[in-house]
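Here's a quick tour of a protein model. Have a look at the chain first, and then we'll go through it topic by topic.

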Amino acid sequence: MLGILGDVNCIKDPEIHAQVFDYLCELWQNLAKIRDNLGISLDNQSSPPPPGLIPPLRILTPWLFKATMLPERYKQGKLHAYKLICRIMKRRQDVSPNTDFLTHFYNIMHQGLLHQDQDIVNTIIKHCSPKFFSIGLPGATMLILDFIIAASKVNACSSLNAPRVEAQILLGSLVCFPNLYGELPALHPPTSEVVLTKFPDVKEHVIKTILISARDEPSAPARCVALCSLGIWLCEELAHGTQHPQIKDALNVICVTLKILIATITYLLPSTESSPHQQDKRLVVSLLLCLLDWVMALPPQTLLQPVQTRSLPEKEQPTKTLLSCIYKVLHGCVYGAQSFNSQKYFPMQLSDLLSPDYDPFLPLESLREPEPLHSPDSERSSKVQPVTEVHSRIQQGLVSIAARTVITHLVNHLGHYPMSGGPATLSSQVAENQDNPFCESADLGPELFHSPNLQFLVLNGSTLLSVYQIRSESGVPGGGMTAGLSSAPACVRVIIRDVAGKHSWDSAVLYGPPLSSPNSPTHTFSPHTQCCYEANVQSCTPQGGQSKKLGVSREDSREGRQEDTETEDSGGREVEGERQGFQGEGRGKQALKFEEEEKGDQTGCEEEASEEETEKNENCLESEGHGESSLEQILAPPLAKRVCREAVPAWDSLTEGDDALDETLQYLGYSSPECLQRAGMPLNIPAPPPGCVSEKQENDVINAILKQSAAEREFVLQVCARCALLLALASAICLILWLIIFILAICSTTLKCCTFQRGEDLNMKAMQQAEPETETPQSPFYYCRLLINILGLNSWEKRSNFHLLRKNEKLLRELKNLDSRQCRETHKIAVFYVAEGQEDKHSILTNTAGSQAYEDFVSGLGWEVDLATHCGFMGGLQRNRSTGQTAPYYATSTTEVIYHVSTRMPHDQDYNLTKKLRHLGNDEVHIVWSEHSRDYRRGIIPTEFGDVLIVIYPMKNHMYSIHILKKPEVPFFGPLFDGAIVDMKILPTMVRATAINASRALKSLIPLYQNLYPLENTAEESLRTFSFSYGLCLTISYEERARYLETIVQHHQELTTFEDYAARVYSPAPCSHLS
C-alpha cells in the first residue's frame, strides 16, 4: 500500500509532507505493538517458540534517511523522520542491521547531533534516550562525543521544555565506558565528515558536563539524574582505584562528606525549629540519618582526627575532633539551637570548611521547574483511606527524637559492630525468664510478677528497665564474671528497652584479688615438679623400710631435735628439704651410688658428677672426723638439681636457702635448651677452676671454707642448745606454778558457789574474739537494690524520672510484642532470573539456577544465611526449609535486607510453586536478571504489588544496562536510574542501594505509615490493624518505636509515693518466698 504512493519525499507541500511522516510514525507504532505481542504465552504456563514472521520495522528507513537531507522548509517532516529513526534503532533488533545500513545511520546521526538547529538536536536526544547505548549496536560508541556535545547544548539552552532529563540520562549512561575502553575511537565533532579519531579524555568531557548540570540545572528531575550520575561515577572510580583528580570536585558538588553534613545541620537547625512545615523537619531528620550512616561506616581513627576551624575564639581552645563536633550538633538537635549560642557546644560553621578542595559557598542555580514527582490519583493511592494526621509529642519533637536515636545508636554500636553474634544480631535476645531461679516457664508469663528478684522500672519516660538478680556460675573463678577476682555469689542482670533496641547487661560486685590460701599457686608446685619430687622420695626408700632423709646424720641428738623442730615449725620446709635431697644437704655413699644407678631415668632433669669427682668427694668425707663429716655433709655445695623447674623463679616463690641465680639458670636450661653450652650439661653446674689453680688447691680452699662454716654452725648450735635447755627448765617451773594456782582457784570457786543464791553467774573469764563469718544476703533482690543505689537512681532528686511499672498481663504482651519487632529498618526484595526464550511465569519460577554472571551478582547482593538458624529479619521465609535452605541477606547497624531469590526456593509441587509465587509477588521491589532477547514485561509475574521493577540486561561488552519500571506515584529514587549502564564491579552494590531506596520511596506513600500508633489506641491494637490492613512486614522505625514506648509508659507507669517506691525496690514481691 505504501509503495503505491511512491517516494513520499517528493511531496512539495511541507505541511502535507509533515502529515505523512506523522502518520508513518503512528503506523510504525502499530507495527511495533504487533511485534511485541508476537511470541507471548497465552496461558502464562509455557513459552511459545519465536515467531516465524515478524513485521518489517525497518522498511521505512530509506524514506527517513532521505527526509533528513531535505531543505529547511521541510523542518517539521525532518523532525518526524529523526524521531522515527531514533525509535527504530533504540529497539532490540530481531535481525542485525548490515554494514551499509549502519554507515548511513551513523552518518545521519553525526550530522543531526552537530546540527545548528536546536530543535533537531532536542529531537534526537529525546528519542534516543535512554536505551541507545544499551542495545549494543556495532560501532555505537563512535557517537559518544557527538552525544556529549549535543547534551551540553541541551543543558545550555534556556528553554525548560528541552529534553533535559533525557540528556542527563544519556550522559549518565556513559560514566563507566572510559574505564572499560580506555581510548575510544569516535567521530571528530568539529566536522560533519566521517573521520575517526581516538580520544583519551572522554571521561573528562563527560564528568565536566555532568558537574555543570549538577550545579546549574534548573530542572529538578534532571538535576537528580545528574547527582545520581556523579554518585555512580564516584563509586566506579573508587572501585577501580583510579585516583581521578575530579573526585574532589564531585564531592564538592554532591556534598557527601561528613564535615559538610555537620555544618549543614548546624546551619539549618535554627530555621527548622521555627518552621511550621513538617517537610523542613523531615529534611533535617534525613540529614541526621545520613550522618549516622556516615559515622558508622568510618573507622574510629578517622573520627578522632582533629578539625581545623577558622573562627578566632576556637583557636584559643584545644583542637576539636570530628567525633566531638558530631556529638555537639546532636546535642543541639536534642536541646535546641539555642545551645549553639555557647561556644562550648558550637560544632562548626560552613566557613570553617573553606579549603582549596571545597567551597562551602558554591553558587547553585535555583530550581525553576516545580514538577510533582508523583501523582495522587494513582490506583494504589486511591485504595488507601485518608487518615487524619495526629500530631503527638513525638511528631512535634521529630528532630529531637531522631537526634536522641542517633546518639544512642552511636554509644551502643560505634566501633564494635558487628558484635560476636554477627551482623544479624543487633538487639539482645535475653528475656526476664532466662536464668531466673524463680521462673520455670519458657516464655514471659504471669509468674514473673511473683518473683522476689525482679522489678520493672521506667527511666526518663522513654526507657524500660527490667532488673533481676541471678546466681553466679559455680566452679568458675569470679562466678564467671571476672578472671579470678573475688566477687559476690550473685549477679545483677539489667535488660534495657529503649528507642535504639533491646540491650542486656550483667554486673557483679568485685571485692578484689582472691585471698591467698595454701592451695594458691605461690604455695604449690607445678604438676611436673610435684611428679619429680615424688619420684625422688620413692627412690630414697629401701625395700621394706621407710624413707630416709639422705645426707643428714642422726648421731647428734641435738641436730636431730633441731631437725625435728624445723620440720614441725616450717611445714613446707621439710618437703623442700626432701625435694633438694640430692642437691644440697650432703652426699653419702648410698646417695651417690643411687645417683649412678638412676642416671638413665633422670636424663634431662639431673646431671651427675663424674666418677673421679665422686671418688674425691668420698675421700674428702672419709678423711674428716665423724662429727665434722656430718656438718660438712649438711653444708656441702649443691650440684645440679634433680628437679626440673618449669616456671620462672619469682621472689615470693623462693624459700630460704634457695639461690635465685641458680634457680634462674636451671629454668633457662630447661625452657631454652638451645642456650646450653653442651647438650645435657645444665647451666647451673659450677665452672671449671682457672688454669693457674690446681684441682688440689681448689679443694683445699673449699674444705677450709666448709670447716669455718661448720665451726660457726656448731658454735651456734651449742649456744642455742644451752639456751633452749634453760628456757625449758624455766617453762617447766612456770607451768608447775600456774598449775598450782589454777587448782587453788578451782577449789576456792567451788566453796564460794555454795554460798551464793541460785542463778548468779560469777564467771568473769574473757572470751576470745573470733573473726565474723561472711554473711550471704538473704534478700533475692539485695544486689539489684545495691546497683540501683550506686547508680544514683534511688535518690530523691531522681524520683521524678524513675518510676515503677504496673505489673499485669497486658504489660507482658506489649513487652513481647515490642521484642518481636526488629529495631532496624527492614526490606524484603524479590530476585528473578529470566533465561533466553522464557516468556511465561511457570518457566521463570521453575528455574533452579542461573548463569555464572547471575550467581556472581546474587552473591554480591549480600551473604548467604541458613534460614534454619538465622536470627535476623526473615521477611516471611520459614525456618522449616519449606521456602528454601539459604537466602542472601545484608545488614548494617541501621538496615536489614532479605532477598527472596526465585532460584533458591523449592518448586517441586504445585503447592510450593504457589507459595513461592506468593512470597515473590508480595514484594514491592523486584530485581529481574533477564538474559532474554526481548524486554521483560511487567505482566509475566501477575501481582498487585511489584510497584518497582529493576531489570538488568547483560550487554555484549560485559557491561549491564539498567531498566527501571515504576508506577507513576512512586517518587524519584537512586542512585541507578532508567538507562544507567554499569560494570559488574559496582553492579551489586548499586542495585542493592537502589532497591533499598525504592522500598523507602514506596513506604513514604503510605499515609498510615507515619501515623501508625495513635495514642488513643493501644500499641498492640495498632500493630494488629497495621499488619492486617496492608499485609506488609514493615518494621517499626525509630519514630514508631518511640511512640510505642511512650504508649507503654502512659498505660503502665505506676504513680507511687517515695515511701511506696522505696518499699517496692527493697522487696519486689513481699508476700512471696519469705523463706
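Does K696 count as buried, partly exposed or exposed? K696 counts as exposed, at 59% relative accessibility (buried means under 20% relative accessible area, exposed over 50%, and partly exposed in between, with a 1.4 Å probe and protein chains only). Before going on, note that this is a predicted model, where local features need pLDDT of at least 70, side-chain atom pairs count only at pLDDT 80 or more, and totals for chains, interfaces and linings use all residues. Residues are numbered from 1 along each chain as its sequence is written, and side-chain values use heavy atoms, leaving out hydrogens and water.

**The overall picture**

- The protein has 38 helices and 20 strands (DSSP runs, H or I of at least four residues for helices and E of at least two for strands, numbered from the N terminus).
- There are 1075 residues in the protein, and 44% of them count as buried.
- Take the contacts between residues at least 6 apart in sequence: 68% of these join residues at least 24 apart (contact means heavy atoms within 4.5 Å).
- The accessible surface is about 56,200 Å², and carbon and sulfur atoms account for 57% of that (areas come from the Shrake-Rupley method with a 1.4 Å probe; for residues, only the protein chains shown count as cover).

**Nonpolar cores**

- The largest nonpolar core has 117 residues, and F147 and I232 have the most contacts inside it (such a core is a set of buried Ala, Val, Leu, Ile, Met, Phe, Trp, Tyr and Cys residues joined through side-chain atoms within 4.5 Å).
- This core draws at least three residues from each of domain 1 (2–199) and domain 5 (823–1030), with bounds that come from an automatic or database domain assignment.
- Leaving aside residues up to four places away in sequence, I232 touches several partners, including V175, C176, F977 and M990.
- A second, separate core has 36 residues, among them V284, L303, L322 and I401.

**Salt bridges**

- Side chains of opposite charge can pair when their charged atoms come close.
- The structure holds 27 salt bridges (a side-chain nitrogen of Lys or Arg within 4 Å of a carboxyl oxygen of Asp or Glu).
- K696 meets D700 in one of these, at 3.2 Å from N to O. They sit four residues apart in helix 28 (residues 695–753), so about one helical turn separates them. D700 is partly exposed, at 40% relative accessibility.
- D119 pairs with K75, with their closest N and O atoms 2.6 Å apart. This pair links distant parts of the chain, 44 residues apart: D119 is in helix 6 (residues 118–128) and K75 in helix 4 (residues 75–89). D119 is partly exposed at 34%, and K75 is partly exposed at 25%.
- R904 pairs with E864, and here the closest N and O atoms are 2.3 Å apart. R904 is in the loop between strand 15 (895–901) and helix 33 (910–921), while E864 is in strand 13 (residues 863–866), so the pair ties together parts 40 residues apart in sequence.

- Six strands form an open sheet in the order 9-8-6-5-11-20, with antiparallel pairing (two strands pair if DSSP finds at least two bridges between them).
- Strand 9 (501–507) and strand 20 (1053–1054) are at the edges with a single partner strand each, so one side of each has no neighbour in the sheet.
- Strand 11 (residues 802–805) runs antiparallel to strand 20, and two bridges join them. L805 has Q1053 in strand 20 as its bridge partner.
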